[in-house]
Amino acid sequence: MGVFITILGLLVFAFFAPWIHRIAKSYTGWLFALIPASGFAYFISLLPAINAGGVVQYSIEWFPALDTSLSFYIDGLSLLMGLLITGIGSFILIFAQGYLHKHMLQGRFFSYLLVFMAAMLGVVTSDNLILLFVFWELTSISSYMLIGYYHGNEDARRKALQALLVTGLGGVALLAGVIMLGLASESWTVSALLNGSFSAAEHAWYPYILVLVLLGAFTKSAQFPFHFWLPNAMAGPAPVSAYLHSATMVKAGVFLLARLNPALGDTMSWTMALCGFGMVTMLWGAINGLLQTDLKSILAYTTLSVLGMLTMLLGIGTDYAMKSALIFLLGHALYKATLFMTAGSVDHESGTRDVKILGGLRAVMPITAFAAGLAALSKSGFPPFFGFLGKEYVYKAGSYLDQFAPIILIAAVLTNIILMSLALKAGVHPYWGKLNKENYPKSPHEAPLSMYLGPVVLAVTGLLIGMFPGQLVTPLLSPAASAVAGHPVDIGISLWHGFNLPLLLSILTLAGGLTLFALRRRIWYEWSQRIKPPFTFDDLYMACFNGFVAVAKWQTRLLQSGYLRRYLLITFTASLVLISYKLSLFGGIPDNFDLWSANFIEWATAIIIISSLIVIVKTQSRMTALLAMGVTGFGVAIVFILYGAPDVAITQILVETLTLVLFMLVIYRLPAFRKLSGVKTRIFDGIFSVSVGLIITLLVLKAQNLDIAPTISGQFGEWSYLEAKGRNVVNVILVDFRALDTLGEIVVVGIAALGIFALVLKGKGENS
Amino acid sequence: MSTLIAIIIGALVAAGVYCLLRRSLMKLVIGIALLGQAVNLLVFSANGLKSANPPLIEASAKTLAEGTADPLPQALVLTAIVIGFGLISFSLALMGVTYQKTGHDDIDALTNTDT
C-alpha cells in the first residue's frame with residue numbers, strides 16, 4: 001500500500017510541479033524531497049518484517065480481463081533498491097534546487113525527476129510482469145526528458161535521443177521476453193517466477209527468453225556493445241547524472257538480472273553471457289576512463305566499469321558473488337552519487353570540469369572537498385570505508401571459483417587498480433594541490449547548503465556502514481542476497497578476515513592505484529593525445545541511425561510519390577497478389593465455366609454492357625463517354641430486373657439518371673479530352689487493367705462455388721411479416737432489421753450534400 | 001448466367017481501373033463510377049443468382065415462399081447504390097472546383113498542395 005501511495009504521490013506532484021515551483025520558488029526542492037523521504041521511512045519500517053524472511057505484497061485490480069493488475073511485491077532486493085531510490089532521490093531533489101537555481105525551466109525539471117522516481121520505484125517493486133515493463137519504459141521516456149533538459153543544445157538533444165533509442169530497443173526486446181516468460185510460466189507475476197515452481201531453463205523457449213531479457217537488461221545497464229550511450233548521457237545536468245547514471249536507472253538492468261536470477265539463472269549460457277559481457281564492459285569502461293579529462297566523463301566511464309563488474313558477479317552466481325554484488329551495488333550508489341554531485345558543484349561554482357585546470361579547490365570549497373574526499377577513499381577501497389568491503393568481497397567471490405578464477409581475478413584486479421586511480425582523480429585531484437584562481441572561468445567559491453548536504457550525508461554514510469557493517473548492513477543485505485540467490489544466504493560481513501589472498505589482492509590494488517594516480521598527468525597530456533581509436537561505437541550508432549533515416553526517406557519517396565497513378569498501381573498490384581494467393585489456397589482456377597446455359601436476354605445485356613464499356617474507354621468525346629456510361633448503368637439495372645430485384649433496379653435507374661444530369665452540369669466547365677499519356681503507357685495500362693478484371697472474374701466464379709457461412713436471409717423471410725408486418729422483405733430489411741445501416745446511409749448522403757454545397761459556394765465566392 | 005455475370009463484373013473492373021489510371025480528372029470520376037457498379041453487381045451475385053422472383057410475401061402467406069430471390073444482397077446493394085451516388089456527386093463537385101482553382105484537368109499537374 002505504502003509503495004502505491006508513494007508512486008501515486010510522486011506522479012501527482014510531478015503533474016503540478018511547475019505550478020508548485022512558481023509558489024514555493026527556492027524551497028521547491030526541499031518540499032519535494034519530503035515525498036521520497038516519506039517513502040524512505042516507509043521502506044525502513046518494512047525492514048524488520050523483511051529481515052525476518054517475509055515479503056510485502058499488495059494488489060489492486062487494473063485490467064482483470066488481461067491478467068494485469070497493479071500488484072506490488074517487496075522482498076529484500078526491492079527493499080534495498082527502494083531505499084536507494086528514495087534516499088538518494090531526496091538529496092538529488094535538494095541538490096537540483098541549488099544546481100538549477102533560477103534556471104527558467106526548473107519547475108519542469110522537478111516534474112521530470114519526480115516521474116522518473118515514480119517509474120524507478122515501480123520497476124523495483126512491481127509484481128506483475130506487464131506493470132514492470134510499463135514502469136521500465138517510463139524510466140526510458142523520463143530519462144529522455146532529463147538528459148535532453150538543455151534542449152536548446154543540439155548535441156544534448158542528439159544524445160538524449162540516442163539514450164532513448166538504445167534503451168527503447170532493449171525495451172521492445174524486454175517486452176517480447178516478458179510476454180514469452182509470462183506465457184511459458186502461465187503466470188504473469190514476478191513472485192510466481194521466484195517461488196521455484198517454474199524452471200525456465202527446462203522450457204523450450206529458454207534461449208529466446210534469455211536473449212530478449214538480456215537485451216533489455218544490457219541496453220539499460222549500458223553493457224558492451226551498448227555502452228556508448230552512457231558517457232553521452234552526461235549531456236544532462238549534474239543531478240541527472242548523479243541520480244540516473246550512478247545510483248538508479250543504469251542499475252535497473254542489473255536489478256532485472258538479479259531479480260530474474262532465481263528463474264533464469266544457473267545455466268551455462270546465463271553464466272557465460274553475464275560474465276563475458278560484464279567483463280568486457282568492466283575493462284572497456286576502466287581503460288577508456290583513464291584517457292578522459294572531463295570530470296563527469298571520468299565518472300561516467302567508471303560507472304560503466306562498475307556496471308560491468310556487477311553483471312559479471314551476478315553471472316558467477318555463487319552465494320559469495322551475490323553478496324559481493326550487493327555490497328558493491330550499495331557502496332557504489334553511495335559514493336558515485338556523491339562524486340557526481342560534487343563534480344556538479346565544482347562545475348557550478350568554478351565554471352569548469354576539466355581536470356587539467358582543476359586543482360586546489362579545497363581552500364575555497366572545504367565542505368565539498370571533504371565529501372568528495374570521503375567518497376573517493378571509499379571508492380578506491382581504503383579500509384575502513386565501505387568500498388573496501390566491496391572490493392574485498394569481489395576478490396573473495398573470484399577466489400572461490402573453480403574454473404575461470406584466474407581470468408576473473410586478474411580482470412578484477414586490473415579494473416580495480418584503474419578505478420582507484422580514477423576515484424582519486426575525481427575526488428581528490430580537483431581539491432588538492434595549488435589553486436591557480438586565474439585559470440578558472442569564474443572565481444570559485446563554496447556551494448550552497450542544498451548542494452553539499454547530499455554529498456556529505458551520503459559520504460558519511462559510506463564511512464559509517466563500512467565501520468559497522470555487522471550492525472548496519474547485514475540486516476539489509478542478507479534478505480536482498482537471499483532474494484537474488486533464491487535461497488537463504490547469510491551475510492556475515494566484517495572488515496577483518498585475516499591474511500589471505502583477497503587481502504593480498506586488495507593491497508596490490510591500493511599500490512597499483514596510487515602509482516597510476518601519480519602518473520595521471522602523463523596519461524592526460526601524452527597518452528590521451530596519442531591514442532586515437534579507428535572508430536568509436538558512437539560513430540557506428542550514427543551510421544546505423546543515418547542508414548535508417550536514408551531507408552525511410554527512400555521508401556517514402558518510392559511509395560508516397562505524389563502521383564495518383566503510382567498509388568493506384570501499388571494498391572491494385574497488392575490486391576492482385578493477395579487475391580491470387582487466396583485463390584490458390586482454395587484450389588486455383590475455378591471450373592464452373594458455363595456460358596451456354598444463358599438465354600438470349602442475358603447475352604444481349606452482357607453484350608450491351610461490355611460494348612458500352614469499350615466505347616467509354618476508346619472515345620475522345622466527353623458526350624459519347626457519358627452516354628455510354630448511362631447505357632452501362634441501365635444495363636446493370638436490367639440485370640437487377642432479371643434476377644428478382646425490382647426495387648434495386650428502380651433505384652439504379654433513378655440514380656443513374658441523376659448522375660448523368662450532374663455530369664452534364666460539370667462537363668462543360670472542363671476542357672475536352674486530350675491524349676495525355678503515350679501509346680506505351682496506354683498499352684501497359686490496358687494489360688494491367690485487363691489482368692485486374694480477369695482476377696476479379698475468377699474471384700467471383702470461385703465465390704459462387706463456396707458456401708463458407710450459413711446465410712441469414714431465411715430468417716429475414718420468416719420474420720418479415722410476422723415480426724415487422726411487411727410483405728416486401730427488402731424494404732423491411734432496410735427500414736427495420738437494418739435500420740441503422742439506412743440511417744448511416746442517409747447521414748453519408750447528407751454529408752455529401754453539405755460538402756457539395758460548401759464547394760459550390762467556395763467556387764462562386766472566389767469568382768465574384 | 002452466373003459465368004456471364006462474372007465476366008460483366010470483370011469487364012467493369014477492367015474498364016474502371018483503366019479509367020482511373022488516365023490523367024484526366026473526368027476519366028477519374030468515370031472510373032470511380034464504373035468500379036462502384038462492379039462492386040454492386042459483385043455483392044448482388046455473391047450468393048449466386050438463383051431466381052427471378054422478387055422476395056415478396058404472398059397476400060395469402062405469412063412467410064416468404066421458397067424459390068424467391070435472396071433479399072439480403074438486394075438490401076445491401078440498395079444502400080450501396082445510394083452511397084455511391086453521394087460519392088460520385090461529391091467527386092464531381094470537387095472536380096469542378098479543382099479545375100476552377102488550379103486551371104488543370106491533368107492529374108499529374110496536381111502534385112502541389114499549395115494551390
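Me: Before anything else, what kind of model is it, and what gets counted?
Reply: This is a predicted model, in which local features need pLDDT of at least 70 and side-chain atom pairs count only at pLDDT 80 or more, while totals for chains, interfaces and linings use all residues. Residues are numbered from 1 along each chain as its sequence is written, and chains are lettered from A and ligands numbered from 1 in the order in which they are written.

Me: What confidence does chain A get?
Reply: Its mean pLDDT (the predictor's confidence in each residue, from 0 to 100) is 86, with 97% of the residues scoring at least 70. Chain B has a mean of 87, and 97% of its residues reach 70 or more. The model as a whole scores ipTM 0.94 and pTM 0.76.

Me: Where in chain A is confidence lowest?
Reply: The lowest value is in helix α22 (residues 520-530) of chain A, with a mean of 71, and the highest is in α26(A), at 93. Helices here are DSSP runs of H or I with at least four residues, strands are runs of E with at least two, and both are numbered from the N terminus.

Me: Which domains is chain A divided into?
Reply: There are domain 1 (2-543), domain 2 (561-590 + 682-708), domain 3 (595-674) and domain 4 (712-768), with bounds that come from an automatic or database domain assignment. Taken over C-alpha atoms, the centres of domain 1 of chain A and domain 4 of chain A are 65 Å apart.

Me: How many residues of chain A are in contact with chain B?
Reply: 86 residues of chain A are in contact with 75 residues of chain B, where contact means that the C-beta atoms, placed from the backbone, lie within 7 Å. On the side of chain A that touches chain B, the largest share, 13 residues, comes from α28(A).

Me: And what classes do the residues on that side fall into?
Reply: The side of chain A that touches chain B has 52 nonpolar, 21 polar and 13 charged residues. Ala, Val, Leu, Ile, Met, Phe, Trp, Tyr, Cys and Pro count as nonpolar, Asp, Glu, Lys and Arg as charged, and the others, Gly among them, as polar.

Me: Switching to helix pairs, how do α13 and α14 of chain A cross?
Reply: The axes of α13 (residues 295-316) and α14 (residues 319-350) of chain A come within 10 Å and cross at roughly 170°. Axes are lines fitted to C-alpha atoms, for helices over the stretch in contact, and angles run from 0 to 180 degrees between N-to-C directions. That crossing makes α13(A) roughly antiparallel to α14(A), a label for angles over 145 degrees, whereas under 35 is roughly parallel, 65 to 115 roughly perpendicular and the rest oblique. Their contact has 16 nonpolar, three polar and two charged residues.

Me: What about α15 and α17 of chain A?
Reply: The axes of helix α15 (residues 366-380) and helix α17 (residues 405-427) of chain A come within 8 Å and cross at roughly 180°. These two helices, α15(A) and α17(A), are therefore roughly antiparallel to each other. Among the residues of α15(A) in this contact are Ala372(A) and Gly373(A), and those of α17(A) include Met420(A) and Leu424(A).

Me: How many bridges join β1 and β2 of chain A?
Reply: Seven bridges join β1 (residues 56-63) to β2 (residues 68-74) of chain A, and the strands run antiparallel; pairing requires DSSP to find at least two bridges. Gln57(A) stands opposite Tyr73(A), and Phe63(A) opposite Thr68(A). The two strands, β1(A) and β2(A), form a hairpin with four residues between them, and Asp67(A) in the turn has a positive phi of about 60°.

Me: Where is the cis peptide bond?
Reply: A cis peptide bond joins Phe224(A) and Pro225(A), with omega about 5°, and Pro225(A) is in the loop between α8 (206-220) and α9 (229-232) of chain A.

Note on methods
Contact = placed C-beta atoms within 7 Å.
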